[in-house]
Amino acid sequence: MNKFDSLAQVRCFLLDMDGTFYLGERLLEGALEFIDVLHQRGCEYLFLTNNSSKDSQQYVEKITRLGLPVSRDKILTSGEATAMHVQSQKPGARVYVVGTSALENEFRGRGLLLTDATPDFAVLGFDTTLTYAKLWKLCDLVRAGVPYLATHPDYNCPTETGFMPDIGATLAFVKASTGRGPDLIVGKPNRLFVEKAAERTDVPLSAMCMIGDRLYTDIALGERAGIPTILVLSGETQADEVTSSPYQPSYIFPNIQAVANYLMNMNAAK
């Protein structure tokens, strides 16, 4: 199957957000045109983010404010995907969640009971409200052998002024104390995230494509899921970094506008 065919069969595009669709507080060039082309092709799209400190509604409000009105079913965070997984493993499970109130609400919304007393699962998210007491309790549970999940693996979260420590730094703290890492990490670049995206959209993995600006998360996610990948050079990755990377995209475009143009040409050819 050639590259043209691999995109011709795509029914749902999985989209990274910051650096791919928008940058800070502005949509990137071609973002709205890309969505228009998908509508013309009868394709679905789903935004994916590793940031589990926020819930889907917060991203709905931002993307809508930037110029694309969207509903919550168009956003999937690593936190929501983790809650989906726990619910599928044990409906009504007792869960100890180290996370923001937004992450806690993702679990409550799926009928899961949040507690620190004999939980069935311990879940670590990107917690910007983290306290020593939370960490201490988590370490006690991890050391006791409670099934331990993390929403995603990122060490740092980019900000307008640099970086802030992300969940990866907290994972390292817990491992240093307990000698144990998580039993499962849900978010990019792990295949389970795409499986939950397929569950959300009712589109099979074989008809999906991942678009993003990071080789080690977005492109690695696509490779692990066995789906085509598109790297855009509008965010973190520079063109000269691709050759040495273990994660090789199926396609490389300068930005989302170029992807839209390519798909439009495919429409014309069809």
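This note sets out points on the overall dimensions of a predicted model and on one helix pair within it.

1. Composition. The protein chain contains ten helices and 15 strands. Of its 270 residues, 54% are buried.

2. Overall dimensions. The radius of gyration of the protein chain is 19 Å, which agrees with the value near 18 Å that a compact globule of 270 residues would have. Taken along the principal axes, the box filled by the C-alpha atoms is roughly 60 × 35 × 35 Å.

3. Contacts and surface. Considering contacts between residues at least 6 apart in sequence, 66% join residues at least 24 apart. The protein chain has an accessible surface of about 11800 Å², and carbon and sulfur atoms account for 51% of that surface.

4. Helix pair α4 and α8, geometry. Two packed helices are described by the angle and the distance between their axes. Here helix α4 spans residues 78–89 and helix α8 spans residues 191–201. Their axes come within 10 Å and cross at roughly 80°. Because angles of 65 to 115 degrees count as roughly perpendicular, α4 is described as roughly perpendicular to α8.

5. Helix pair α4 and α8, residues. On the α4 side, the contact is made by Ser78, Glu80, Ala81, Met84, His85 and Ser88. Helix α8 contributes Leu192, Phe193, Lys196, Glu199 and Arg200. By class, the residues of this contact divide into four nonpolar, three polar and four charged.

Technical notes: Residues are numbered from 1 along each chain as its sequence is written. This is a predicted model: local features need pLDDT of at least 70, side-chain atom pairs count only at pLDDT 80 or more; totals for chains, interfaces and linings use all residues. Side-chain values use heavy atoms; hydrogens and water are left out. Axes are lines fitted to C-alpha atoms, for helices over the stretch in contact, and angles run from 0 to 180 degrees between N-to-C directions. Helices (H or I, at least four residues) and strands (E, at least two) are DSSP runs, numbered from the N terminus. Angles under 35 degrees count as roughly parallel, over 145 as roughly antiparallel, 65 to 115 as roughly perpendicular and the rest as oblique. Contact means heavy atoms within 4.5 Å. Ala, Val, Leu, Ile, Met, Phe, Trp, Tyr, Cys and Pro count as nonpolar, Asp, Glu, Lys and Arg as charged, and the others, Gly among them, as polar. The radius of gyration is taken over C-alpha atoms; the globule rule is 2.2 Å times the number of residues to the power 0.38. Buried means under 20% relative accessible area, exposed over 50%, partly exposed in between (1.4 Å probe, protein chains only). Accessible areas come from the Shrake-Rupley method with a 1.4 Å probe; for residues, only the protein chains shown count as cover.
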